[in-house]
Amino acid sequence: MSFLELKNIKKSFFLNKKEFQVLKDISLNFDRGEFVSILGESGGGKTTLLNIIGGLDSQYEGDVLLNGQSVKSGSEKGLDAYRSKTIGFIFQSFHLISHLTVLQNVLIPLEMSSMSRSQRTKRAKELLTQVGLGDQMDKHPGQLSGGQKQRVAIARALANDPDIIIADEPTGALDSQNTNEILEILEKISQQGKLVIAVTHSDQVAEYGTRVIHLVDGQVDSDKQLRDKADDVKKDSKVTINHLSFMDNFMMAMNHMRYYLGRNLLIIFGLMIGIFSVVFMLGLGNGVTGYMNHEMNKLANPTAIQVSKNSTSNDPQMSEFTMKEKDLNTFKKIKNVKKVEKGYFADTVKLSNGKKNVTAQLFQTWNETIKEDDITTGNKPGKDEVVLVKNDAKTFKKDYKKLVGKKITLYIGALDKNKRPIQIEKEFTVSGILKGGTTSVDYQTLKTLYAANNATLDPNFATLKVNSTPNVKAVQTKIKDFKMTKDKKKVAKYTLAGVGALIDTLTTYINLAFYLLAAIAGISLLVSAIMIIVVLYISVSERTQEIGILRAIGARRKDIRNLFISEAFLLGLISSLLSVGFAYILQALANNASQSAIGTAIIQVSAGNAIFGIVVSVVIALLAALAPSRRAAKLDPRDTLTNE
Ligand SMILES: Nc1ncnc2c1ncn2[C@@H]1O[C@H](COP(=O)(O)OP(=O)(O)OP(=O)(O)O)[C@@H](O)[C@H]1O
Ligand SMILES: [Mg+2]
């Protein structure tokens with residue numbers, strides 16, 4: 001049994017359903033230690049045969065047996081393993097990967113081995129020294145001569161210590177001196193007990209081998225032994241092959257990114273714009289909402305809602321405004337409402353102290369929406385007491401604080417039991433002064449006062465106390481959803497009055513602005529994503545050769561896909577980390593400015609926002625890489641390695 005056997009190999013190409021038979025029944029046996037030259041006219045099928053031997057092509061009739069075992073009987077995985085463990089490829093046009101250094105090119109096949117990093121580097125350096133390139137290891141292929149490039153390719157082919165070296169016109173692109181040197185190296189390789197199969201056009205080159213095979217018209221025309229082959233020394237391979245590890249993939253991706261720095265910086269920049277705007281907008285949203293809440297909490301009690309009835313009338317004494325027990329019970333049943341209080345407001349109230357008179361801007365009964373913190377002097381009103389607004393108090397007395405404890409007369413317009421207008425007059429004690437807001441008295445006091453004047457006090461608003469701030473919005477929505485009955489089915493039954501309503505409108509505007517900003521950020525993100533897809537797609541077309549080489553040295557489709565995905569992952573990660581960093585820097589600057597302007601930090605990028613940005617960026621990059629990486633993995637290594 002020979003080491004390598006070709007059994008009745010037939011291969012045809014089909015063009016428009018017409019069959020072109022390229023190889024017609026080829027049977028050959030090879031052994032270790034042989035240096036076989038294959039000669040033949042151009043288009044005679046030499047490359048086709050080498051592809052079959054090398055496991056790049058499995059679409060043929062007949063069989064290739066290695067140590068008696070068919071190489072194509074296994075799966076595609078098996079063929080990948082065969083290429084990476086048994087075969088070393090050398091091409092006429094070298095096919096080195098231009099963005100990797102000489103040393104890194106030789107390291108590629110080893111990256112699929114289970115050796116440690118230092119062992120791999122040691123082996124690659126040894127091989128390069130063997131082919132006479134010990135001092136060129138850090139150059140890139142573009143900086144080497146043709147002969148030097150081919151030596152790198154030989155070192156790379158030997159890296160995995162394969163048993164078979166396949167060379168397709170290895171000296172085709174070289175001058176005679178370099179040709180001789182390369183052939184000597186190949187001869188040495190065969191003498192070390194490997195099988196070397198080289199295709200050539202030149203009889204002179206063929207003379208170097210131990211055996212010459214002529215292919216004519218797809219058949220073996222002659223098969224001549226020139227000299228004895230080297231001893232068939234069977235030895236165990238020094239290298240165990242696995243597949244590209246995660247780390248190796250990453251290192252290769254890093255190398256590629258470094259070499260094409262300009263383009264990758266561009267992608268990173270594009271993605272950064274998108275991610276930065278998203279993260280920054282989120283931060284701005286947090287900042288503005290925080291600022292607004294803070295400001296509004298200063299203005300009013302955030303958990304208190306003031307509700308009145310929707311009415312076409314603007315006279316608060318009209319019965320349309322009256323809050324009935326039924327209304328109050330409705331409010332009590334709303335989820336998260338802790339307390340419901342009756343309230344009354346009037347618009348015709350005069351205050352009098354001695355000779356001075358003031359018409360109260362606003363007058364209402366004390367309720368939860370008024371903040372006790374706003375009382376600068378004194379306390380909230382108790383029985384027969386009134387709280388004055390600072391501005392009104394000032395007209396009575398310059399040193400308005402001294403009014404606390406003094407008496408003030410109130411004249412309140414009301415209707416008696418017969419609906420006739422009357423004026424209620426009553427002396428109150430000033431219990432405190434409010435910074436702003438409304439003149440207020442205690443509800444119970446007012447009710448008793450009305451009764452004493454033959455009038456009834458019907459509440460014309462209600463104050464709802466909600467158990468916690470986050471629930472306020474839901475309660476407000478619920479109230480706004482109650483509709484009038486009968487003919488006015490679409491009209492809201494209640495209106496929200498006071499600061500609570502203002503908060504609600506403001507929040508709506510803030511949300512609107514926020515969505516607008518989010519939309520802009522989203523669009524820039526989309527543009528970034530499209531950009532990455534385009535660049536990665538171009539990158540695939542540009543790197544077909546590299547992909548072919550990787551496949552030829554045994555990389556699986558999965559490895560190719562992972563390579564592209566690793567690159568995209570890195571791009572996404574780097575972009576987002578930079579964006580987040582940038583957002584934090586800008587946040588510091590913006591907040592510095594806003595602190596002095598409005599006394600608060602207007603941008604608040606939270607850790608959650610930052611993580612969100614990073615995740616979105618990586619996900620976008622990975623999604624963008626999906627199609628290109630699949631395309632790359634699908635490429636046929638034979639097509640990618642043709643010289644054109
Ligand atoms: N993918 C393909 N599709 C169709 N025909 C093909 C394909 N690859 C090769 N051929 C045809 O098969 C024949 C043999 O091609 P091959 O490349 O093996 O020749 P060769 O002996 O290596 O030639 P050269 O010395 O010029 O490299 C040619 O006629 C070529 O046109
Ligand atoms: Mg060829």
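Mentor: Let us begin at the surface of this predicted model, where Ile 611, Val 615, Val 619, Leu 623 and Leu 626 make a nonpolar patch of about 460 Å².

Trainee: Why is Ile 611 called exposed?

Mentor: Ile 611, which lies in helix H17, has a relative accessibility of 53%, and since exposed means over 50%, the residue counts as exposed.

Trainee: What makes the positive surface patch, and which helices supply at least two of its residues each?

Mentor: The positive patch is formed by Lys 77, Lys 558, Arg 561, Arg 630 and Lys 634, and at least two of its residues come from each of helix H16 (557-598) and helix H17 (607-634). Lys and Arg count as positive, and like charges are joined into a patch within 9 Å.

Trainee: How do you know whether Arg 630 is buried, partly exposed or exposed?

Mentor: Arg 630 has its place in helix H17, and its relative accessible area is 48%; because buried means under 20% and exposed over 50%, Arg 630 is partly exposed.

Trainee: Turning to the strands, what is the order of the open sheet, and which strands stand at its edges?

Mentor: The open sheet has 4 strands in the order S2-S1-S4-S5, with antiparallel pairing. Strand S2 (18-30) and strand S5 (69-70) each have a single partner strand, so one side of each is left without a neighbour in the sheet, and these are the edges.

Trainee: Why is strand S7 described as largely enclosed by the rest of the structure?

Mentor: In strand S7 (residues 164-168), 5 of the 5 residues are buried, so the strand is largely enclosed by the rest of the structure. Ile 164, Ile 166 and Asp 168 point one way from S7, while Ile 165 and Ala 167 point the other way, and all are buried.

Trainee: Which strands pair with S7, and in what sense?

Mentor: Strand S6 (residues 87-90) pairs with S7 in the parallel sense over 4 bridges, and the bridge partner of Ile 87 in S7 is Ile 164. S7 is also joined by 5 bridges to strand S8 (residues 195-199), again running parallel, and there the bridge partner of Ile 165 is Val 196 in S8.

Trainee: What makes the phi of Asn 8 worth a remark?

Mentor: The phi of Asn 8 is near 45 degrees, a positive value in a residue other than glycine. Asn 8 lies in strand S1 (residues 4-15), and at 40% relative accessibility it counts as partly exposed. Asn 336 also has a positive phi, of about 75 degrees, although it is not a glycine; Asn 336 lies in the loop between helix H10 (325-333) and strand S12 (337-343) and is partly exposed, with a relative accessible area of 25%.

Trainee: How many salt bridges are there, and why does the contact of Lys 493 with Asp 327 count as one?

Mentor: The count comes to 27 salt bridges. The cut-off is within 4 Å, and the closest N and O atoms of Lys 493 and Asp 327 are 4.0 Å apart, a pair that is listed as a salt bridge. Lys 493 lies in the loop between helix H13 (472-481) and strand S23 (494-497) and Asp 327 in helix H10, so the pair ties together parts that are 166 residues apart in sequence. Lys 493 is partly exposed at 28% relative accessible area, whereas Asp 327, at 4%, counts as buried.

Trainee: Where do Arg 263 and Glu 542 lie?

Mentor: Arg 263 forms a salt bridge with Glu 542, the closest N and O atoms being 2.9 Å apart. The pair links distant parts of the chain, with Arg 263 in helix H9 (residues 261-299) and Glu 542 in helix H14 (residues 498-542), 279 residues apart.

Note on methods: Residues numbered from 1 in each chain as written. Chains lettered and ligands numbered in written order. Predicted model: local features only at pLDDT ≥ 70, side-chain atom pairs only at ≥ 80, totals over all residues. Heavy atoms only, no water. Patch = residues over 30% accessible without salt bridge, like charges linked within 9 Å, V, L, I, M, F, W, Y side chains within 5 Å. Areas by Shrake-Rupley, 256 points an atom, 1.4 Å probe, with all protein chains shown as cover. Salt bridge = Lys/Arg side-chain N within 4 Å of Asp/Glu carboxyl O. Charge placed at Lys NZ, Arg CZ, Asp CG, Glu CD. Buried < 20%, exposed > 50% of the residue type's maximum accessible area, 1.4 Å probe, protein only. Pairing = 2+ DSSP bridges.
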